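I opened this one up to see how its chains meet. My notes are below.

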There are 2 protein chains.
Amino acid sequence: MECKQTLEANQGDVDKAAEALRLQGFAQVSKRSGRETKEGLIEAYVHTGGRVAAIVELGCETDFVARTTEFKELAHDIAMQVAAMGPEYVDKSEIEEGDSRPAAQVSLLQQPFIKDNSSSVEEVIQEIAAKVGENVRVLRFSRLALGE
Amino acid sequence: MECKQTLEANQGDVDKAAEALRLQGFAQVSKRSGRETKEGLIEAYVHTGGRVAAIVELGCETDFVARTTEFKELAHDIAMQVAAMGPEYVDKSEIEEGDSRPAAQVSLLQQPFIKDNSSSVEEVIQEIAAKVGENVRVLRFSRLALGE
């Protein structure tokens with residue numbers, strides 16, 4: 001019982017430490033956000049059946065990070081998100097005046113992430129940015145759907 | 001010697017017959033060109049290294065043709081062509097006034113086919129159209145290159 005309490009207490013500490021690290025990570029991401037993203041990847045995703053596909057340019061700061069598994073997976077997931085969810089803008093700041101549709105519908109970064117609806121695409125990107133220690137940005141995307 | 005001459009003569013006939021069939025095929029393609037291309041495929045190609053990619057919409061008349069190997073390969077080759085050769089227009093008819101660059105450089109259909117420079121992309125498409133017996137058209141494409 002005592003042991004369990006200790007474990008729980010420790011778990012609490014671990015949670016706090018993780019949260020502190022997470023916040024520190026985000027703080028570092030904010031500092032980094034001015035840095036240029038000249039490296040990165042162009043990734044494509046074709047949905048089964050070949051009726052919709054997307055390409056995305058995901059930028060980072062170094063070729064080293066562009067070649068990590070985390071970054072490649074993120075590029076793949078974002079291309080899949082674009083193909084599936086058909087956003088029209090990268091960020092809500094680009095939404096045209098008079099377009100009253102919610103950002104969570106039309107702008108990629110504000111959309112719920114298709115692999116985990118509890119996070120936005122932006123939050124998922126910031127988590128990876130914190131993990132790889134570089135600024136990570138969606139620069140452009142393009143999507144084609146048959147007959148649209 | 002006599003035998004060789006006969007073979008050569010036959011080869012001449014075969015060539016003529018092939019040419020006649022080819023022309024007939026093109027004639028049929030011309031007749032078909034008014035028919036709608038509502039089916040087809042969206043295909044993507046990412047070049048090794050992930051620094052350039054393209055998506056293309058290749059239309060045909062029926063889903064049956066869209067699922068043939070010839071059609072799928074053509075869609076793949078055209079996506080690769082767009083990624084590698086960076087055309088800006090589908091057809092020369094779209095080249096903007098004042099753009100003096102040659103069609104073989106800037107418009108996809110007039111570019112030499114990268115897998116066989118002796119044909120244009122348009123000729124390769126017409127050959128496949130003749131083979132599958134349907135109108136086949138590149139409807140749209142999009143290309144992204146890192147940092148461009």
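How many salt bridges are there between chain B and chain A? I got two, taking a salt bridge as a side-chain nitrogen of Lys or Arg within 4 Å of a carboxyl oxygen of Asp or Glu. Glu39(B) forms a salt bridge with Arg51(A), and their closest N and O atoms are 3.1 Å apart.

Before going on, I noted that this is a predicted model, where local features need pLDDT of at least 70, side-chain atom pairs count only at pLDDT 80 or more, and totals for chains, interfaces and linings use all residues. Residues are numbered from 1 along each chain as its sequence is written, chains are lettered from A and ligands numbered from 1 in the order in which they are written, and side-chain values use heavy atoms, with hydrogens and water left out.

Next I looked up the contacts (heavy atoms within 4.5 Å). I found 27 residues of chain B in contact with 27 residues of chain A. The buried area is about 1900 Å², with 61% from carbon and sulfur atoms; that is accessible area (1.4 Å probe) lost on putting the two parts together, summed over both. On the chain B side, Ile42(B), Leu144(B) and Leu146(B) lose the most area to chain A, together 33% of what that side buries.

Then I turned to the sheet in chain A. Its three strands (DSSP E runs of at least two residues) form an open, antiparallel sheet in the order β1-β2-β5. I saw that β1(A) and β5(A) are the edge strands. Eight bridges join β1(A) to β2(A), and Tyr45(A) has Ala54(A) as its bridge partner.

Terms used: Two strands pair if DSSP finds at least two bridges between them. Helices (H or I, at least four residues) and strands (E, at least two) are DSSP runs, numbered from the N terminus.
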